[in-house]
Amino acid sequence: MTAELPAPAPSVNPETREFWAATARGRLLLKRCLDCGSVIWYPRAICPECASLRTEWFEASGRGRVYSYTLNHRGEGAYSGAEPYVLAYVELDEGPRLMTNVVEVGAGLAVGLPVEVVFHDTAEGTALPRFRPAAPAS
Amino acid sequence: MSIRGKARIAGAYEHPDRKIPDKSVAQVHAEVALGALADAGLTMSDVDAYFCSGDAPGFGPVSMADYLGLKRLRYMDSTETGGSSYLIHVGHAAAAIAEGKCRVALITLAGLPRSQRPPRASAAPLAPEAAFEQPFGPTTVSMYALAARRHMHEYGTTSAQLAAIKVAASQHAQYNQNAMLRTPVTVAEVLDSPMISDPLHRLDCCVVSDGGGALVVVAPEVAASLPRQTVNVLGHGESPKLTEGGRIDLTYTGAVWSGPRAFEEAGVTPGDIDYASIYDSFTITVLQTIEDLGFCEKGKGGAFVADGSLLAPHGRLPFNTDGGGLCNNHPVNRGGMTKVIEAVRQLRGEASVPVQVPDCEIALAHGNGGSLGTRSAAATLILGREDW
């Protein structure tokens, strides 16, 4: 499997600036609704559960489990030539399922695999939250 | 208000070509429009409502209305939900006709993904989710692979069961002289085809084709004046399926909502369906959809399809008798139009002879646009034979 995946820079806007600024410092932020308590992914100003505009950032544990994955042999754009690579949904311990890549993984890749976040720098001062098999709990 | 029995499909036309290097997209829209109107026994000057989607070149419905010379329009709808758009258009056209807003609705689809370069990136604002998905390299196939993997994990579905869907489609396609892939394939051949995005192989994927199709939906009093047999619109349902603020579930589709709405409006149940056009962008799309529409228990779709249920004319649920998107045609990566067209053929008794369902009275057509791996829009139509 390719050791180095491309890290295309995301488009950042005022609504998501804090999230992406945190990635550059190695922190994964999530949004929580102050009215209904829902943890929201992807981050946004409105709570899609209760329509509240009162949301706050908090730092996620960075741990979760693989919800689904695929080994993609046909990348496009920046990923053309980077195949095969693992595209996945990871279910964070806080609840949300997010699209990501699983890296540093071989035959052990499976639904339910415990994973932890790693950050891969883009060229624009942000970093992509990806996941690797979690170190065993000490 | 119900649309049941208040509108008829009077014309249906599928472009015969699958690669069209020498025409423009607008030109193919014109060809399919004229084809469907001729099928109905109508002309461009009879059209008072026009429906199109994101494949239509130009400014919503306006550029194509101008190009086609639709001078009498009093109703327009450019609902864009990808491949399900055209089923939604039929439902909206029927509702508009039932309300007296129009009498003759034209719906067109056309495009040339094999012969033309994709248009340059649009200047439209980025989708709000884009920054949180695109950097990780999602592709169309890989999104459906994620759905397939999770369905396998929860229900034990196998690649061989998914392959049985392609096998049935290929059995039907051999009788369609316009189909892109007319050679029947086996489960082993599907499993031996190159892995595109694990667990989906090349033969789990639909074809990519140039072409298009069109439909004409009319008021019953218009239908009564036409020479051809028309098809009754009995029910319609539509629904988005969303990512639920991060609680996305990859094991089901929006058919869980669009299906019951359509069945209720039509006053029928899944057991009444003689023929079904099921959206088949990938084999997993079919599997999840037939479960969600209630043709089998949730999670049992694998056993259902592996049993030969989808084979026409005598299976429990004869499906996609034109070969579907998997073998026949998937113009502009939007399979909803051809789903309706083949259902119309079945109800008129005009499907390929070996796969014509005997005494086909009630048909279902289902579309899904967007991605099973993220967000999508489902639409279900229930159609009946003219005398039903």
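B:Asn320 is buried, because 30 other C-beta atoms lie within 10 Å; a residue counts as buried if 20 or more other C-beta atoms lie within 10 Å of its own, as exposed if 12 or fewer, and as partly exposed in between, with C-beta atoms placed from the backbone. The phi of B:Asn320 is near 40°, a positive value in a residue other than glycine. You will find B:Asn320 in the loop between α10 (301–306) and α11 (324–327) of chain B. Helices (H or I, at least four residues) and strands (E, at least two) are DSSP runs, numbered from the N terminus.

Before going on, a word on the model and its labels. This is a predicted model, in which local features need pLDDT of at least 70 and side-chain atom pairs count only at pLDDT 80 or more, while totals for chains, interfaces and linings use all residues. Residues are numbered from 1 along each chain as its sequence is written, and chains are lettered from A and ligands numbered from 1 in the order in which they are written. The predictor gives the complex an ipTM of 0.97 and a pTM of 0.97. For chain B the mean pLDDT is 97, and 99% of its residues reach 70 or more; pLDDT is the predictor's confidence in each residue, from 0 to 100.

Back in chain B, B:Val332 also has a positive phi, about 55°, although it is not a glycine. It sits in the loop between α11 and α12 (336–348) of chain B. B:Val332 is buried, because 24 other C-beta atoms are within 10 Å.

A further place to look is B:Ile362, in strand β10 (residues 362–370) of chain B. B:Ile362 counts as buried because it has 21 C-beta neighbours inside 10 Å. Which residues does B:Ile362 touch, not counting residues up to four places away in sequence? They are B:Val268, B:Asp272, B:Ile273, B:Asp274, B:Ile382, B:Gly384 and B:Trp388, where two residues are in contact if their C-beta atoms, placed from the backbone, lie within 7 Å.

Now zoom out to the whole of chain B. It has 12 helices and 11 strands. Its radius of gyration is 19 Å, close to the 21 Å that the globule rule gives for 388 residues, so chain B is as compact as a globular protein of that length; the radius is taken over C-alpha atoms, and the rule is 2.2 Å times the number of residues to the power 0.38. The C-alpha trace of chain B spans about 55 × 50 × 40 Å along its principal axes. Of the 388 residues in chain B, 61% are buried. Among contacts in chain B between residues at least 6 apart in sequence, 79% join residues at least 24 apart.

How is chain B divided into domains? The assignment gives domain 1 (8–117 + 210–231) and domain 2 (138–208 + 233–385), with bounds that come from an automatic or database domain assignment. The centres of these two domains of chain B, taken over C-alpha atoms, are 23 Å apart. In their contact, 30 residues of domain 1 of chain B meet 33 residues of domain 2 of chain B. On the domain 1 side, the elements that give two or more residues are β1 (8–14), α3 (85–98), β4 (104–111) and β7 (211–218) of chain B. The largest share of that side, seven residues, comes from α3(B).

Next comes the contact between the chains, which takes 36 residues from chain A and 27 residues from chain B. On the side of chain A, the elements giving two or more residues are β2 (39–40), β4 (63–72), β5 (85–92) and β6 (97–101) of chain A. Of these, β4(A) gives the most, with six residues.

Chain A has some backbone details of its own. A cis peptide bond joins A:Trp41 and A:Tyr42, with omega about -5°, and A:Tyr42 lies in the loop between β2 and β3 (55–59) of chain A. The peptide bond from A:Glu83 to A:Pro84 is also cis, with omega near -10°; A:Pro84 is in the loop between β4 and β5 of chain A.
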